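These are my notebook entries on a structure that I went through entry by entry. The sequence and model come first, and the entries follow.

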Amino acid sequence: MLFGKKSGITNRNRERYDRVRKLMWIKCEACDKLVYYKDYKDNLYICPRCGRAFIMTPKQRFNLLFDNTAWEKLDLPTVADDPLNFVDRVPYAERLAEARNDTGYNDAITTADGVIGGIKTTVCVLNGDFMMGSMGRAAGDGIIASMEHAIDTHQPFIMVTSSGGARMQENILSLMQMARTTVAVNKLHENKIPYIVLLTDPTFGGVTASFAMLGDIHIAERGARIGFAGRRVIEQNIREKLPSNFQTAEYLYDHGMVDMVVARDELHDKLVRILSVLTKKHRKPKDIIVTTPEYDATKKIRGMGENDAYDKVLLARHENRPHFLDYINGIVDDWTYLAGDRCFAEDAAMGSGIGFWRGIPAVIIGQEQGRTIETRQKHRFGMVNPDGYRKAIRMMKLAEKFNLPIISLFDTAGAFAGREGEERGQSQAVASSIAAGLSVKTPYVAVNVGQGGSGGAIAIGTGDKVLMFENAIYSVIAPESCASILWRDNNYKATAAAAMKLTARDMATQGVIDKIIPEPSGGAHTDWQTTMELLATAVAEQIVGLQRVPVNKLVAARAQKFLEMTRIIQPVSKQ
């Protein structure tokens, strides 16, 4: 304890008594260890013993997030105190006075303007030290005014939350702030203002059930507890013990509610990367420098040589062929992976995020197959669950809001066929992804980089321009399955492949794709550098051309393209 008061970690007067406490030891409430206060402060108010990240004051948050700790505080509206004349053990008016005296702030909301990565930005902080960051009329008005300011100045808006929920002493007046702040969020979206939510410890109740879960991008600070109802309330209600990681930042990531979990000392740099893409900051193309992984080039590929069509099938599946994340690492600059469908889960089979493709800010999606046993299991061999397709739809909407082009790199044997997928609506998710891709109001380039398998592929394959690698394949079903069903013998798989006309040349002849991207001699797996240079250039050229077309004409032409597809097909001559 510190002179009869709680430790600096939980003391409500941290800023006021900073000069005194910097020379003292404090006791961490989380691990019960003594910590030298200067070490605690230098560690961004994270206990250096146990790693628990404690509440930061608005001033500390601004200093952390803005460039060079330079910022200007905004004047926010004030409201009359204690509208209900509420009294519990202590009158509400006294609680307010005590909170103001302890924290030095008028209420739970403080907002400032500054620069993040050279980009003018508004940051609004919901202060967990002020009556547990509870949301009353003053907080609601402050959030609304802050968002309206961001709209007026047309600059990104970052909401930092730390709250126990609605303020009980204002009852229904507090509850209505959930609706009022949501109106303001809708205005942010309508005006295409980047809205990033930083969820810190703790964030619960009416805050999570309104403005805090409506961002374009959700960042959870590592160590944060986030949820609707409190853990104890839930356990009492359902009469069972919850998992130890329940309602942690990592738990929410796994369940698709947040895009990323970020350590406190990495927040500024992460925000710089995100804002640079969303605000379309100029960026020179990244140099492509990749090395082809070693593989046994002398090893004969089993099944090769039966016919050209099945040879393409085997090349498209080659274990050394680049996959989605390989292309991202090789081509994309300032890549930020965005996770979750906001409903149920993060599906690692569907990669998604934002970054610069040859200097072009873009939203990029695609199936990742994995390469090792562990990663293949994690990514489910690129076979996507409904959560992954719903994540892709979310990325399409993000791209549309900021007029960022969509780049899709599809590579899958098909959507995942399993009980969980059926329970969560696999068919509906694939159908909705197709519909979203056909109607999204932004340039859209889709590339078949390997296997284009069935509805799992076309779900993210309805671009304005559809490209295909020379040795990729596109089919309604795998040739092995086709042979087993129609020939009733898997040994006819090469015959089936030839009959299905599934190669890039076949797709071009049938008008299904717009361009074939050549591969190095021997296939993409033999020379990653050349493969990525060819892909990067082909996609960039298509985007530049599409960006010259008005959006409405773009969507109409895309729809017409797919309507006309397959109407006039000349019969293939018998070989």
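Which residue just after α21 takes a positive phi? I looked up the backbone there and found threonine 566, with a phi of about 75 degrees.

A note on the source before going on: this is a predicted model, in which local features need pLDDT of at least 70 and side-chain atom pairs count only at pLDDT 80 or more, while totals for chains, interfaces and linings use all residues. Residues are numbered from 1 along each chain as its sequence is written, and side-chain values use heavy atoms, with hydrogens and water left out.

**Helix α21**

I took helices (H or I, at least four residues) and strands (E, at least two) as DSSP runs, numbered from the N terminus. Helix α21 covers residues 551–564, and its 14 residues at 1.5 Å a residue should span 20 Å, which agrees with end C-alpha atoms that are 20 Å apart; the expected span is 1.5 Å times one less than the number of residues. I then listed its buried residues, which are Leu554, Val555, Arg558 and Lys561, where buried means under 20% relative accessible area, exposed over 50%, and partly exposed in between (1.4 Å probe, protein chains only). An α-helix has 3.6 residues a turn, so residues three or four places apart point the same way. The face turned away from the buried side of α21 carries the exposed residues Asn552 and Lys553. The cover over the buried residues includes α15, β14, β15 and α20.

I next looked up serine 162, which sits in strand β6 (residues 157–163) and is buried, at a relative accessible area of 4%. Its contacts (heavy atoms within 4.5 Å) beyond four places in sequence include Ile55, Met132, Thr200 and Asp201. The side chain of serine 162 reaches the backbone oxygen of aspartate 201 at 3.2 Å.

Aspartate 201 also forms a salt bridge with arginine 52, the closest N and O atoms being 3.4 Å apart; a salt bridge here is a side-chain nitrogen of Lys or Arg within 4 Å of a carboxyl oxygen of Asp or Glu. The pair links distant parts of the chain, since arginine 52 lies in the loop between α2 and α3 and aspartate 201 in strand β7, 149 residues apart. Arginine 52 is partly exposed at 26%, whereas aspartate 201 is buried at 7%.

**Other salt bridges**

The structure holds 28 salt bridges. I noted the one between lysine 401 and aspartate 216, at 2.7 Å from N to O; lysine 401 lies in helix α13 and aspartate 216 in the loop between β7 and β8, so the pair ties together parts 185 residues apart in sequence. Lysine 401 and aspartate 216 are both buried.

Aspartate 334 and arginine 273 meet at 3.9 Å, and because aspartate 334 lies in strand β10 and arginine 273 in helix α9, the pair ties together parts 61 residues apart in sequence. Salt bridges that share partners join Arg273, Arg283, Asp333 and Asp334 into one network.

**Cysteines**

I found 0 disulfides, a disulfide being a pair of cysteine sulfur atoms within 2.5 Å. The sulfur of cysteine 50 has its closest cysteine sulfur in cysteine 47, at 3.7 Å, which is too far for a bond.

Conventions:
Polar contact = N/O pair within 3.5 Å; in protein donor to acceptor, adjacent residues only side chain to side chain.
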